[in-house]
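Subject: Handover of a structure

Hello,

I am passing on the structure below, as you will be working with it from here. Please look it over before reading the notes under it.

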Amino acid sequence: MLNRLSSVLQSAADALAPPPPPIEDLKYHWKLVMRFYAQRTIQSKCPIEETNIPPHLEQLLQILIAEDALTKRAAVEGPCTTAGPCLEFLLQHRLLELLVSLARADSPPGMRRYLLDYLRRFVTAMSPHLLTLASIHLPLLRIITLCSQSEASPTEAEEIGFLLALAHKVHMHPYLSIIFNKETKLNKPSNSSSSVSSNNQVQSDTSAGPGVASSAQSALDANREPSTPDSREGNKINHSISELDGKLLASPPGIEMLSSPNGNNNRECDTSTETEIKDCSVTQKISVSENDSSITNKMAACVTAEDCETTCHSLPTGNSNGDGSARQQSPDSYPSGNNTKGSIPLFDEVFSEHSRTTSGSVTPEPFPLEECSEAEFGEGRLPLLDAVLGYINSADSATKLHVCEALLMMVSVADETFSSAVARSSNLGLAMAEKLTSSFQEIPSDIDPDHFEDIPQNWGPKTLQLWLDQHVFPGSRLIASFVSWLNFCDQLTVDSPEEIAESVASAVRALFFEIELESELRTGDVVRQLLITNIICLSLRHITSNILISELNVWLMGELPEESAQNGDTTLRQLLLNNCLHSNTHLSLNSMRLFELLLENCDEHVLHCLVLRYLTGRDYYSIQSKKDKTQIESWSDEEDAREQEGVKDKQSLDSTGASSRTFAPSNIHKIIDSFLQLLPGSLRSAGDYQESGYHQYIAEAQRQYGINLQVCAPMGWGTEATFPEEKRQSTESPNQTFDEGPFFHMVFSRLRGLAKQPYEMNLQLTALVSRLAMLPHPYVHEFLLNPLLPIVPGATTLYSTLQAVAQEMLSAIAEVPNSKRLLTRTRQELLGDMSYPHEFAGETSCLLESVVVLEEFCKELAAIAYVKYHHAS
């Protein structure tokens, strides 16, 4: 009811006194903002909250937003090629440049904070194509430079909010990226401009003072000269729309000036606007002669004038001695003196140091408009991205969240030129690597490795805060901070184009992995080595970017496997393998967990360095055992005469890919029984059939093997283990030798100590071997899962190692009384049944647990062989 009554009263008031046109309303509010500075004194420190500036600037913004909305609606009905009078006024008189100067000077106190939020809302609300205008984006560039000049600023929240709004605008409209890419402007040809711009430039030069004409003529002469390094450096910031991008050469809807009833005024507006766009400097510093007695009178007239347009036209409009002000007074009335840069007379009168207020009692505070120089935009070629990176070390979590959001938007801009500039010229990769390094250095060395296990794979603060609420221990927030940046770096490389992702990943590898982590891994400090091993394991679990995980794998394994043979120094791969055999249980356990994660990722480079390069030649297979040369080399055992006669039929079956004699040999039952019968009956703890069989492992083996088949399918490993061509043609080699490589050497060494190792170590070891046996590679399968394979003398295989371990356990268990009953109880305890009293200690307990582990491991290997057989048959 009240709303309806208010609408009726407002309609009646509008009928009696119609509201002024938006342009008049805008001029009125702008005049009142200017009046504050005319009446402001040097001694006055009145904060902005106690002034009338915010409400008047708010009205200015609402007027511009409303006019822009009308322009958008007009564009829906038909093409819109004109701008409204309010926008024309904003562009012609460079209101944004003045506001930016006020923000830089923080005049009055609090003006910077307010204008940063004001410009954020301006950028968010206005049409994106308006940012292509120099009178709009150049002031924004000045504010970007201001944001990057100080750290821990009191206006940090408003600064990053403004930068985030710009990043979102560029992300949604990629053609705007050229505005924030100085590298592109540096390479753009400077002789391309529209005929309209050229004509308007000539008009501007002739109507303005001699300083403008000479400056413009110099710029035109520079454009005609061949492009040189000096000329390109001098033209980094070019204010012409025609030099932005090919997409911007055609004026977007709504940026041309409206025609006015007065043709001369319209010509002045167009001339001023084009001069503003073409000119290479935004404003000039005010330099006024101290003995000019006419300034005081004119300033007072300006402040008390009823015509707002007079005040507005006094604002600077070019890099000249009064381009805009020449329309207000003759050049003869300009201040005289040694001012080489020139001045804007009427604006000088408002802000001159020797002007006086309307009361004539105090001296107003001078406020110079600063010249827009090349150095003002900073040394970086990507000012927006560089400014955002400046807040990456902020202590405020909300600021860091905005930084991450802005970076994700900037790197995913759909513009190849901008992406190339980010990859080549930005410090993005360096900043990410340094942040990871500093976050890692803050983690205490004595942190529990178990705390790394369940950290969420999310860089957002809400998810990590939930984890922190459930895990309270010394250093928890430091770990969460590091993991957050690691996850964000991974997300950054996932969302980035390949060129940016490679530059970031290379920087992270060089600075964080190689310099920071590897140097500490080589120091010999067990505590730090344990922490770094856990960090690497965490990285392998969390990183999803193919490019970043590839850099991590190459760092761990080396560029080439042959490096270890050519270089006398211990490679990082060998160092980690040595840690698997370390006397420290925790370091050894976590090092084996690292290799399990490497195998789980199924990276071809990792597999080649660890395993495949030692098995591809099939040197483990005894050539002397081949009694029939017509026998197919891929057969892993002695076939009967009936199968030898059917060689041709089976060859044709293999050509169709329907069966594999490596993965699905005809004697699969023998292979399975070999694993199940490996442990003597006196060492078996399982009582009934369900526990003694391998069927309980089949479901999990099918799941994991199915995943491996999908991941490894692009590698093209084939399905048959055959000799290389040169070995097929060679005769028997009596001196045939086999080198299993350092990885298999470590695995077999650990397996031989199975009876004396802790239960957790044995579980991790068997999990590592099972992960390796799951690989769908014919040589790996034949070497690990075919106990009937003829092996060269002196070679070690998985089956022969387990046989030796079983014999050792059999000898040791014979000395334990009631071993059968103790094995059964040990099995029940490991399964969680604690109803039995613990009757044994120390070494006896370790031996009994090892026997149970070996028993279950043999069943798991049988299940894997069975699953592979059914997948290949």
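Predicted model: local features only at pLDDT ≥ 70, side-chain atom pairs only at ≥ 80, totals over all residues.

Residues are numbered from 1 along each chain as its sequence is written, and side-chain values use heavy atoms, with hydrogens and water left out.

Overall
The protein has 41 helices and 0 strands; both are DSSP runs numbered from the N terminus (helices H or I, at least four residues; strands E, at least two). Of its 873 residues, 53% count as buried, where buried means under 20% relative accessible area, exposed over 50%, and partly exposed in between (1.4 Å probe, protein chains only). Among contacts (heavy atoms within 4.5 Å) between residues at least 6 apart in sequence, 79% join residues at least 24 apart.

Pocket and cavities
Both are found on a 1 Å grid over the protein atoms alone: a cavity is a set of points where a 1.4 Å probe fits but cannot get out, and a pocket is an open set with protein on both sides within 12 Å along at least five of seven lines; lining residues have an atom within 4 Å of a point. Grid points are joined across faces, edges and corners, and a volume is the space filled by probe spheres set on the points.

The largest pocket has a volume of about 540 Å³. It is lined by 22 residues, of which E151, L389, G390, Y391 and N393 are the closest to its centre. Helices α17 (383-389) and α20 (428-441) each supply at least two lining residues, and the largest share, 5 residues, comes from α20. By class, this lining has 8 nonpolar, 9 polar and 5 charged residues. Here Ala, Val, Leu, Ile, Met, Phe, Trp, Tyr, Cys and Pro count as nonpolar, Asp, Glu, Lys and Arg as charged, and the others, Gly among them, as polar.

The whole structure holds 10 cavities of 30 Å³ or more. The second largest cavity has about 80 Å³ of space, and its lining residues are 10 nonpolar, no polar and no charged. Among them are W30, L64, Y118 and F122. With 3 residues, α5 gives the most to this lining.

E520 lies in helix α23 (residues 498-521) and counts as buried at 17% relative accessibility. Leaving aside neighbours within four places in sequence, E520 is in contact with F440, R528, Q529 and I532.

In helix α32 (residues 668-676), I668, I671, I672, S674 and F675 are buried. Seen down the axis of α32, these residues fall within an arc of 155° (taken from the directions from the helix axis to the C-beta atoms), so they line one face of the helix.

The peptide bond from S107 to P108 is cis, with omega near -5°. P108 is in the loop between α5 (95-105) and α6 (111-125).

R618 is not a glycine, yet has a positive phi of about 55°; R618 is buried, at 0% relative accessibility. N818 also has a positive phi of about 55° without being a glycine, but N818 is exposed, with a relative accessible area of 52%.

Regards
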